[in-house]
Structures are given as C-alpha cells and as structure tokens.
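Subject: Structure for you to look over

Dear colleague,

I am passing on the structure we spoke about, with the sequence alongside. My notes on it follow below, and I would be glad if you read them with the coordinates open.

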Protein chains: 2
Amino acid sequence: MSNPVAVEVTRGERVESAHRGAGAVVDADGGVAFAFGDIDLPVYPRSAVKAIQALPLVESGAVDRLGLGDADIAIACASHAGEDAHVAAARAMLAKVGRGADDLECGVHWPLGERAARALARAGATPSALHNNCSGKHAGFVCLACAEGVDPAGYVAPGHPVQRAVTEALGAVTGARLGADTRAVDGCAIPAHAIPLRALAFGFARFATGQGLPPGRALAARRIRAAVAACPSLVAGRGRFDTEVMAALGPAVFTKTGAEGVFCAALPDLGLGLAVKADDGGKRAAEVMIAALLIRFGGFGAPLDRFIAPGLVNWNGTAVGALRPAGPLSGATAIPTGPP
Amino acid sequence: MSNPVAVEVTRGERVESAHRGAGAVVDADGGVAFAFGDIDLPVYPRSAVKAIQALPLVESGAVDRLGLGDADIAIACASHAGEDAHVAAARAMLAKVGRGADDLECGVHWPLGERAARALARAGATPSALHNNCSGKHAGFVCLACAEGVDPAGYVAPGHPVQRAVTEALGAVTGARLGADTRAVDGCAIPAHAIPLRALAFGFARFATGQGLPPGRALAARRIRAAVAACPSLVAGRGRFDTEVMAALGPAVFTKTGAEGVFCAALPDLGLGLAVKADDGGKRAAEVMIAALLIRFGGFGAPLDRFIAPGLVNWNGTAVGALRPAGPLSGATAIPTGPP
C-alpha cells in the first residue's frame with residue numbers, strides 16, 4: 001500500500017501525524033468521478049455496508065410480514081453508541097419475533113458511547129448483547145430468519161441462509177465476486193468480505209439510485225434510505241458523524257462509518273457513491289476524507305465543516321492543533337479520471 | 001514523511017491496515033545501533049519524556065527537602081489510568097506541599113482506564129484534575145515550584161521557572177536545541193517540544209547510563225529509574241504496556257509511552273536508548289514497534305510477546321486477526337547503520 005497522505009494532524013506549526021489513504025467517487029454506471037490511491041485493492045468495508053446487508057430483510061418482504069417500521073430498519077443499519085434508545089430499538093425489533101438478547105450472536109461489549117457506558121455503570125448495570133454496536137443488524141438477521149421460517153441459531157455462519165442472502169446482496173450490488181477467498185470474520189462474528197473501494201463506491205451509487213438493480217431490490221434500497229433519513233439518531237448516536245450529518249442534511253446524503261478507517265456514502269440526487277479507507281485504520285482520518293469528498297461533490301458546508309477540519313483542544317479547552325485534508329484532498333477542484 | 005510500513009494488521013488472510021513509522025536505537029555516545037525511517041525529523045515526544053521532565057524535581061534536591069519517595073517520583077513520570085491508587089498518589093504528593101487538585105493546571109478528563117472510568121461512574125462521582133493521566137507530572141511541577149520558593153500558579157507557561165528548568169533538562173539530555181520554534185502546546189497545557197527520534201534515543205541512552213550528564217543529573221536519572229522500577233503499577237495501570245513490561249522485567253528496562261504513536265525506552269545494562277513514532281499517531285503500532293526493538297536488542301521474550309504480536313479477537317473471543325512487525329522490523333537481525 002503506497003497511498004498518498006490524505007489527512008494531516010497539526011500541533012502548533014508542525015504536522016504531528018499524517019494518514020495515508022485511498023478513495024473513490026463512482027456513478028451508477030461505474031464511471032469514476034474522482035479517485036486517489038489504490039481503489040482496486042480489496043479492503044474489508046466492515047460496518048460501512050450494513051445498509052446493503054439489510055437489503056434481504058426488506059427485499060424478502062420480512063419487514064412487511066413482521067410489521068417492522070423505520071426505527072427497526074434504521075437500527076438494523078446502525079453502528080450505535082449503546083444509548084438507551086438504541087438498546088430499546090434492538091429489543092423491540094427482536095420482540096416482534098418473540099426473541100431477545102439471548103438470541104443475538106454478536107457478543108457483548110460496553111457501549112461505544114462513553115456517555116452511555118458511564119450511564120450504564122452509574123446505574124450499577126452491566127452490558128448485554130443489546131449494547132453491542134451491531135445489535136440492530138443482528139436483530140435484523142434474527143428477524144429475517146424467523147420471517148423465512150428458518151431457525152436463527154447459527155445465523156452468523158457463512159453457510160446459514162441468512163448470511164448466504166446477505167453475501168449475495170453485497171456481491172450483486174457492488175459487482176464484486178465474493179467467496180471463501182475474500183472472506184474473514186468481522187468483529188461481530190459475521191463474514192467480512194474484502195471488496196475494492198471502486199466496487200464499494202459503485203455499489204453505493206446503485207444503492208442510492210436503484211439503477212441497475214432488480215426492481216424489488218431498488219425499492220428495498222429506497223425504503224432503507226428513507227428509514228435511515230427518518231431516524232438518524234438511531235444509526236450512530238449523539239455527536240457522531242452519521243447521526244449529525246444525516247440529521248442535518250436529510251435524504252440528500254447517506255453516510256456510514258466502518259471499523260479500521262472505512263467510510264462509505266452516497267449522494268442520491270447526484271447518483272454518486274463514495275468509499276474511502278485510511279491505510280492505518282484511523283477513524284479520525286476516514287471522517288476527514290469522507291467529509292472532504294461530500295463537501296466537494298455535494299456542495300455542502302455545515303454540518304460537515306466540523307468534520308472536515310476538526311480542531312484539537314487540550315483538556316483546558318485551548319486550541320493546540322487541527323486535522324485537515326491534504327494531498328489529493330487539499331484542493332477544491334475535482335480531478336476526473338477515466339472510466340473503470 | 002515516507003517512512004516504511006513497520007506494523008501490519010491482519011484479518012483472515014489479508015493485511016487489513018498498515019502503519020508506517022520510524023525508529024532509532026542509539027548508544028550514549030550517539031552511535032546509531034539501528035534505525036529505520038527518518039530519525040532526523042523533529043517529532044513531539046509528548047508524554048514519552050515525562051521521566052526526563054522529572055529530572056529537575058530530583059536534581060534540585062526538592063525530592064529530599066520535601067521527603068518525596070519512590071511512589072511520588074513514579075507518579076510524576078506516569079501517564080496513569082486514573083485508578084484509585086493513581087489518584088491517591090497524586091493527591092498525597094500535593095499534600096506534602098499543602099496543595100491539592102485545585103492547584104493542578106492540567107485540566108480534567110475521565111480516567112483513561114475504562115475500568116477506572118466505569119468505577120468512578122458507578123460510585124456516582126465525576127473526575128477531578130487528579131484523574132487526568134498527567135496529574136502526577138503536574139503534582140511534581142507544583143512540588144518543584146513550592147520547594148524552590150516560587151509561586152506555582154501558571155507553572156504550565158513556557159516562561160515559568162518550572163518549565164524553564166524542564167525545557168533546559170530536556171534539551172541538555174537529548175542534545176536538541178529547543179526554543180520557541182520547536183514549541184507547541186501539549187494535551188495537558190505544558191510546552192511540547194519537537195525533537196528528532198535520534199536525539200530522543202540518545203537522550204534515553206544517557207538517561208539510562210548517566211554517561212555524559214553532570215553528576216547530579218546522572219544521580220537523579222538513576223533515582224528516577226529506581227523509583228519507576230519499584231512502583232511500575234503507578235506509571236500506567238493494570239494491563240498497560242509500561243506497567244506490565246516493567247513489572248516483569250524490573251530495572252533491566254525502562255519504557256514510556258507518549259500520545260500520537262511515540263514510544264521511548266532504555267536498556268540500561270546495554271547502554272541503549274530507543275525511540276519510535278508511528279506516522280499516523282497509532283498507539284497500537286507504537287507498542288508493536290517498541291516491543292520488536294526491545295526483543296531484538298534486549299533479548300527479552302515474555303512479557304513482550306503479547307505486545308509484539310497481539311491477537312485480535314471479536315466480541316465472542318474468536319481469533320480474527322493479529323498485529324505483527326513488518327518491513328524493517330520483520331527480520332530477526334539488526335541492521336547497523338553508521339554513527340550520526
């Protein structure tokens with residue numbers, strides 16, 4: 001990996017740290033509107049593709065048969081902070097199929113949100129699988145299995161009907177060939193497939209437009225985008241990128257963070273999908289990169305300004321430095337590249 | 001910065017993320033035993049130089065005049081987790097000069113240690129400046145001012161006698177020229193000076209041997225190393241690199257982490273100082289890099305094995321990947337380079 005420096009971290013007059021990365025902005029025909037770094041190296045998108053992984057739940061009709069609504073769909077697409085509302089949404093979804101936390105196979109961790117974690121501790125409680133940031137996605141998997149008349153037990157395994165459907169959707173939407181050789185295990189135990197950034201951006205352009213997707217899948221994508229736009233507080237949490245940006249911009253933008261410095265997004269009105277990865281896995285760098293691309297291509301200012309160049313303050317609140325886009329992301333002009 | 005990839009993060013059969021970095025192993029004459037990347041670019045060592053910043057407290061005789069012991073000196077060198085013992089040590093040190101948390105100018109944050117933060121929340125409490133990971137260093141600054149008959153107020157400012165003494169020690173031990181042009185502000189509000197890795201490693205070789213230092217400073221360095229070796233639990237916290245490694249290896253090794261991917265260390269018996277920085281500021285990369293160098297040059301196995309190649313498990317405890325040294329750190333043979 002020899003990708004360019006795309007984000008710099010300053011302290012005083014110096015660059016203290018620097019993040020390399022790659023990124024792609026692609027339309028629903030596969031045309032590359034902008035790219036930097038190696039966009040053909042397969043990377044694990046991790047949680048950045050949760051909305052695509054949620055397609056089978058909607059497309060299968062399970063959502064309608066179970067009476068699931070926007071909140072259920074949104075939490076199924078979430079990497080949530082473990083706030084009370086997140087836990088309640090995942091619990092409510094499971095209840096609709098008579099299931100509970102014990103049916104989740106994502107494992108247990110303290111809430112990602114520090115505030116939520118401390119609130120839980122202050123209440124003298126300990127976390128359950130419902131606090132896992134992926135609990136909504138897993139609740140969706142359990143619901144899909146139940147709606148299809150399949151035993152949900154073991155739903156995280158690659159051979160389970162749920163994961164077979166999820167992998168099919170991910171491969172079909174992104175156009176990437178997925179198999180045992182692209183597969184590893186994600187933090188929440190489900191398969192994690194490696195997919196090039198070019199294919200991820202292409203997939204999100206199709207997710208955003210429905211172009212090139214079967215009608216039922218295109219409708220499902222539209223419903224998922226509407227649900228997330230209706231419930232942005234459920235997909236991440238207070239102060240977090242996805243929640244703050246989608247709450248402010250509504251259906252004009254879809255964004256989703258993933259572990260290890262991946263970020264995917266879509267601009268439905270422009271028919272564009274976006275995908276970036278920081279080489280080193282840095283979340284702070286991925287946020288600056290995707291914010292820079294969303295500002296450049298979407299024409300947004302606030303609320304992205306605070307994410308493209310977040311200031312660094314010390315514990316006394318004094319400004320000591322900042323993050324900033326660099327190299328291919330430092331200019332204001334898009335650099336078009338040829339079609340793939 | 002075009003340093004080599006020195007740490008890889010794997011998931012399944014692929015490299016998911018990679019960290020570039022630089023590092024130096026230097027003797028007390030300035031001879032470079034090993035180096036990779038750019039070791040002449042000034043970097044902010046941040047908290048990695050706390051032990052050197054503690055020299056004036058000991059060298060001035062303040063420690064003896066105030067009756068400070070090993071625990072006081074160790075907490076003055078700490079980036080602690082905010083455990084009860086850490087808070088108590090900082091409080092006890094301040095009490096020896098009739099001061100308290102209100103005299104600390106480091107700012108307030110929740111304990112770095114998640115367990116300690118949750119314990120504080122569970123008790124219905126909120127943090128004070130004593131929970132700041134730098135509270136011991138700041139308590140040392142307050143003690144130094146009081147012992148010298150100087151008003152401690154404003155001790156974080158570059159022009160205060162305390163910071164003038166600290167900067168003089170840092171420059172003299174590392175041989176780096178420090179001034180307004182090398183200075184920024186650290187997370188805890190004190191000056192942060194940019195220093196090349198070569199000079200940092202050289203400084204820690206001298207800190208470890210006393211070679212080339214005035215007798216009083218050499219004695220102070222020895223006393224600080226002995227105090228840290230006697231109280232390793234105070235310098236970081238349960239499960240943390242510095243505490244675990246120094247608790248297991250005793251005075252044969254000195255290590256100290258710093259923010260933004262810096263790590264410094266010393267091997268007193270071999271007369272070597274070590275310094276690394278991950279370009280992207282990644283703490284996990286710095287730990288692997290310094291562990292690789294300590295194993296290569298110190299001949300240690302356990303307890304460093306778990307830090308040189310930590311396994312990554314998901315929330316169910318399943319192995320999903322690992323960190324590993326790469327490039328210049330992947331071989332077992334040192335690559336000597338010429339003297340500086």
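A residue is called exposed when its relative accessible area is over 50%, buried when that value is under 20%, and partly exposed in between. Please keep in mind throughout that this is a predicted model.

On that scale Glu114(A), with a relative accessible area of 57%, is exposed, whereas Arg118(A), at 15%, counts as buried. An α-helix has 3.6 residues a turn, so residues three or four places apart point the same way.

Glu16(A) pairs with Arg11(A) at 2.7 Å, and here Glu16(A) is buried, with a relative accessible area of 4%, while Arg11(A) is buried at 6%. This pair also belongs to a network of salt bridges that links Arg11(A) and Glu16(A) with Arg46(B) and Asp186(B). Over all chains, the structure holds 32 salt bridges.

Turning to the contact between the chains, 45 residues of chain B and 44 residues of chain A take part, and about 3800 Å² is buried between them, 50% of it on carbon and sulfur atoms. There are four salt bridges between chain B and chain A, and Arg284(A) forms a salt bridge with Glu260(B), the closest N and O atoms being 2.7 Å apart. The count of residue pairs in polar contact between the two chains is 26. On the side of chain B that touches chain A, strand 1, strand 2, helix 6 and strand 5 of chain B each supply at least two residues, with the largest share, seven residues, coming from strand 2. That side divides into 16 nonpolar, 13 polar and 16 charged residues.

Finally, helix 13 (residues 283-298) of chain A should span 22 Å, because its 16 residues are taken at 1.5 Å a residue, and its end C-alpha atoms are 21 Å apart, which agrees. This helix is mostly covered, with 12 of its 16 residues buried, including Glu287(A) and Arg296(A). Helix 13 of chain A is followed by Gly299(A), whose phi is positive, near 70°.

With best wishes

How values were computed
Residues numbered from 1 in each chain as written. Chains lettered and ligands numbered in written order. Predicted model: local features only at pLDDT ≥ 70, side-chain atom pairs only at ≥ 80, totals over all residues. Heavy atoms only, no water. Helix = DSSP H or I, 4+ residues; strand = E, 2+ residues; numbered from the N terminus. Expected span 1.5 Å × (residues − 1). Buried < 20%, exposed > 50% of the residue type's maximum accessible area, 1.4 Å probe, protein only. Contact = heavy atoms within 4.5 Å. Buried area = accessible area lost by both parts, 1.4 Å probe. Salt bridge = Lys/Arg side-chain N within 4 Å of Asp/Glu carboxyl O. Polar contact = N/O pair within 3.5 Å; in protein donor to acceptor, adjacent residues only side chain to side chain. Nonpolar A, V, L, I, M, F, W, Y, C, P; charged D, E, K, R; others polar.
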